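Please keep the sequence and the coordinates at hand while reading.

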Amino acid sequence: MAKNKYKIMIVAGEASGDTHAAKLVNALRESSGDSEIEFFGCAGQKMREAGVEPVVIADNLAIVGLPEIAKALPGFLRAFSKLKKAAVGRKADAAILVDFPEFNLKLAKSLKQNGIKVIYYISPQLWAWRKYRKRTIRKYVDLLITILPFEKDWYAGQGIHNIEYVGSPLAKEVHANTVKIDFLRKHGLADDAPVVALLPGSRSTEIWHIMPEMLETAIVMEKRDASLQFVIAAGSRESVDQVNAVITKFNGKLPTCLSVIHGETYDVLKAADAAAVTSGTATLETGIIGTPMAIVYKTLNFNYKLIRPVISVEHFGLINLIAGERLIKELIQEDFTAGTLAEEMFRILEPVENRRLRKRLAEVAHTLGHGGASKRAAEAVLRVIESGA
C-alpha cells in the first residue's frame, strides 16, 4: 500500500512559538504512522533543526511596538507573500499557524480563501485584547488548538466551537538538566550565597528597554546585600549579543558578581532563589519550575499609551491569569523601577514568603496538565488533514 504524503506549512514568528512548533513537528512525525510529511514555512532555529524547510527565516520577525512594526513592514509583506505563494504553489494539505497573531491571523484569511485548511496552534489571546478578531477565527480557521485551561470555555462563549484543548506544551517538559550544586560550580558561583536570575526577554526591543532597569536593580540590591549573585539568562546567541551590547553601553558600576549565561535558562531558574522575569511565556516557565519571581515589562511610552486601553484582562502575567489572582507582583511601565523591583525581590527572598510562593506555584503548575500536549495537538492536526473536509 502506498504511503500517504502530506505537505504542511507551519508558521511561527517568535522564540516561544518556534520551540512549540518544533515539538509539534516532531510529534507529527511520530504520530503519522506510515504517512510521510514534508514541512516548510516560517522557521526559527529549533524548527529548522526539526527539519522544517525555511521559506522564511523567523529570527527577525519578532517585533513589538507600533513604530518598530511600521519600520519592519516591508519585510513582513515580503514574508507574507513568500509564504502564501509557497502554500498555494505546493498545494499544502494544511497550514499550522503558531501564535504570532498580528501576522498569522491575516495569513489565515488569505490561505483559507485559497482553499487551504488552517489550523491555529496556541490560540491568540483574544480574551486579553482585540476580541473583534473572533470573527476572523470563526470564518477562516478550521481548528483552534488551545493550551491554557480557561481558553476553551472562553472561545465557546464567543461562538467558536471548533476547539481542541490539549494542555500546555510546557507541562512536565520544563525542568532543569543540572542539579543546583553542579550548575553553580560549573559557572563559578558560590553555593552559600543567594542567586537572583534576570530574564530580560527574547526580543531585541524588550532587552533594550528592560535590561538597563534590571542592571540598576542589581546595583541597588548589591548595596544592601553584597553577597548576592546575579545571573542574566539569555535564550539565544542573538540575545547574548544584545545583552552584552546593553551592558557595554550601561552607565553605572555593574555588580561584582554578574554573569550572562546562554542556553541554560531552566537551569538558571532552578538554581535561583528569586527571579525578575519579563512578562510572557517565561513567567509560565518560571512558575512551572517553581521559582518565586517578580513580573516586569517596559516599552516606549508611545506604545504603552496606545496598547494599554485595549487590554481587557486584570493581569499581564500568564502565571497570574492561570492562577486567577495576583499571585506574583507585576511591575509594568512606570511601576517598573530599580527601587520597586529591588524592594519586591528582597520581599520574595525572605524565607517564609519564598516557601509560600514555591508551594502556590506548584499548585498552579498542576492545573496545566500532565504532559503530552504536543502529541495530542499532533493527533488533532492529523484528524483534520485526514478528514478530507
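Where does Asp99 lie? Asp99 is found in the loop between strand E4 (94-98) and helix H4 (101-113), where helices (H or I, at least four residues) and strands (E, at least two) are DSSP runs numbered from the N terminus. The model is a predicted one, in which local features need pLDDT of at least 70 and side-chain atom pairs count only at pLDDT 80 or more, while totals for chains, interfaces and linings use all residues. Residues are numbered from 1 along each chain as its sequence is written, and side-chain values use heavy atoms, with hydrogens and water left out.

Backbone geometry gives a point of entry. Most residues other than glycine have a negative phi. Asp99, which is not a glycine, has a positive phi of about 50°. Gln333, also a residue other than glycine, has a positive phi near 55°. Gln333 belongs to the loop between strand E13 (330-332) and helix H14 (338-349). Gln333 counts as buried because its relative accessibility is 2%; buried means under 20% relative accessible area, exposed over 50%, and partly exposed in between, with a 1.4 Å probe and protein chains only.

Asn4 sits in the segment before strand E1 (5-12). With 42% relative accessibility, Asn4 is therefore classed as partly exposed. Leaving out residues up to four places away in sequence, Asn4 touches Asp34, Ser35 and Glu36, a contact being heavy atoms within 4.5 Å.

On the scale of the whole chain, the protein has 16 helices and 13 strands. Its radius of gyration is 21 Å, close to the 21 Å that the globule rule gives for 389 residues, so the protein is as compact as a globular protein of that length; the radius is taken over C-alpha atoms, and the rule is 2.2 Å times the number of residues to the power 0.38. Buried residues account for 53% of the 389 residues.

The interior can be described through its nonpolar cores, each a set of buried Ala, Val, Leu, Ile, Met, Phe, Trp, Tyr and Cys residues joined through side-chain atoms within 4.5 Å. The largest core holds 100 residues, of which Leu28, Ile96 and Tyr121 touch the most other members. Apart from it lies another core of 32 residues, including Phe76 and Tyr155. Beyond its neighbours within four places in sequence, Ile96 is in contact with residues including Ile8, Leu24, Leu28, Tyr121 and Val381.
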